[in-house]
Amino acid sequence: MKRDPTGFLKKEYKELVEKDLDWKLRVLETGSTPHAVVDGKEVIMLCSNNYLNLSNHPKLIQGAIEATKKYGAGSGSVRAIAGTMKLHVEVEKRLAKFKRREAALVYQTGFAANAGIIPQLAGKGDIIISDELNHGSIIDGVRLTKADRAIYKHRDMGELENILRDADKKYNRILIVTDGVFSMDGDIAPMDEIVKLAAEYGAMTYVDDAHGEGVIGEDGRGIGSHFGIEGKIDVEMGTFSKAYGVVGGLIAGSQDLINFAYNKSRTWLLSGSHPPAVAGAQLAAIEVLETEPQHVKKLWDNTKYFKKELESMGFDIGESETPITPVIVGESSKAKELSNRLFDEGVFALPIVYPMVARDKARIRTMMNAGLTREDLDFALEKFEKLGRQLNII
Ligand SMILES: *Cc1c(COP(=O)(O)O)cnc(C)c1O
């Protein structure tokens, strides 16, 4: 048979379009600002991960420009060969200090961190124990290992303990891995209990704090600080692409962890390092977090107000404990319609639908931003109320 070697490209894409499962990309014509122009329309931004609006902070912009002028547009190599600049090292030192850990390591992205280090922490004869709602980049990292896997029900510590008890006798290393803040629901992993259970059974702990860094804990120090267990989580992983407003993955922990990680992580060893502009902006982001606590405070003030108002209108906003607020509407088609109509009215918030969440739990996921004013929030809330009524959601 003569096969059509690339025919599947069109066919599979068409299938996605027919099921309305393809991504319809919206294009920003401004920066990722609280008021943005998207596809030619001015909107209030409620779906950026730029929680603290740091991507538009003058100090970060300045940091990027100065680093570029001084060191150029690119870094020239992978970190391990000739791509480690003084700036990269400075970011890692600053970050370790901010996170109150011995050492830190920056990867190209959070995805590259999970895909790079997780497969090195466990292999044949070991087990990785994972929360069922963990992020896709954790799942892919786990897929790269020969370790056995076990999945516990979301935040179910009883089930985690059962698995640990069983694993204790059978395996060498045990790695518990979890999102810190879960990105679909905005709830927080019970890291204090996980750390306690891990200590009891001799397991390692790994938290992906992508949505917690810069958001929870003292001045945004993340989940260790949030639970008062700083220094007790073996691997604190996070990202510069969300609240920090730049891009880049990170891990923080012991010096032993970092020495091990940069010698073993293939994503780190085999892919180019950040351009100076990125490192310059990262450095500025840490400095802003250390010296300007008002952004985190404003983020939380906005979050509390927004949640309270949505709830009083009668919306189901789930169990979120963070600036991720889901507005649960039920059917996928309803979530999509609400999102489209919000957009027409000047509010940009994306629907999250099956299969990302259960069929009857389709939602609009809103992400709060410290750069939004009370007026902006009232504008968005008014649209939610109006459309929520029209679509019989409230
Ligand atoms: C966004 C996200 C990542 C990926 O981070 P990037 O730096 O954007 O690659 C990883 N884990 C979780 C939980 C995330 O939300």
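How do the residues of the shell around the ligand divide into nonpolar, polar and charged? They divide into 2 nonpolar, 7 polar and 3 charged. Here Ala, Val, Leu, Ile, Met, Phe, Trp, Tyr, Cys and Pro count as nonpolar, Asp, Glu, Lys and Arg as charged, and the others, Gly among them, as polar.

This is a predicted model, in which local features need pLDDT of at least 70, side-chain atom pairs count only at pLDDT 80 or more, and totals for chains, interfaces and linings use all residues. Residues are numbered from 1 along each chain as its sequence is written, and side-chain values use heavy atoms, with hydrogens and water left out.

## The ligand site

The residues around the ligand include Thr109, Gly110, Phe111, His135, Ser137 and Asp179. Asp208, Ala210, His211, Thr239, Ser241 and Lys242 are also among them. A residue is near a molecule if one of its heavy atoms lies within 4 Å of it.

| Side chain | Distance to a ligand oxygen atom |
|---|---|
| His211 | 3.1 Å |
| Thr239 | 2.6 Å |
| Lys242 | 2.6 Å |

The protein covers 86% of the 380 Å² of accessible area that the ligand has on its own. Accessible areas come from the Shrake-Rupley method with a 1.4 Å probe; for residues, only the protein chains shown count as cover.

## Pocket and cavity

The largest pocket holds about 1,400 Å³ of space. It is lined by 43 residues, and the closest to its centre are Trp23, Leu350, Pro351, Ile352 and Met356. Helix H5 (136-143), helix H13 (332-344), strand S12 (350-352) and strand S13 (362-367) each give at least two residues to this lining. Helices (H or I, at least four residues) and strands (E, at least two) are DSSP runs, numbered from the N terminus. By class, the pocket lining has 21 nonpolar, 10 polar and 12 charged residues.

The whole structure has 1 cavity of 30 Å³ or more. The largest cavity has a volume of about 70 Å³. Its lining consists of Arg79, His88, Val91, Val106, Tyr107, Gln108, Trp268, Ser273, His274 and Gln282. The cavity lining divides into 4 nonpolar, 5 polar and 1 charged.

Both searches use a 1 Å grid over the protein atoms alone. A cavity is a set of points where a 1.4 Å probe fits but cannot get out; a pocket is an open set with protein on both sides within 12 Å along at least five of seven lines. Lining residues have an atom within 4 Å of a point. Grid points are joined across faces, edges and corners, and a volume is the space filled by probe spheres set on the points.

Buried means under 20% relative accessible area, exposed over 50%, and partly exposed in between (1.4 Å probe, protein chains only).

Thr325 lies in strand S10 (residues 324-330). Thr325 is buried because its relative accessible area is 1%. Its side chain makes a polar contact of 2.8 Å with that of Lys307. A polar contact is a pair of N or O atoms within 3.5 Å; within protein, one must be able to donate a hydrogen and the other to accept it, and residues adjacent in sequence count only if both atoms are side-chain atoms.

Ser130 sits in strand S4 (residues 127-131). Its relative accessibility is 9%, so Ser130 counts as buried. Ser130 and Tyr152 are 22 residues apart along the chain, with their C-alpha atoms separated by 6.3 Å.

Ser77 lies in the loop between helix H2 (58-71) and H3. Ser77 counts as buried at 18% relative accessibility. A polar atom of the Ser77 side chain lies 3.1 Å from the backbone nitrogen of Ala82.
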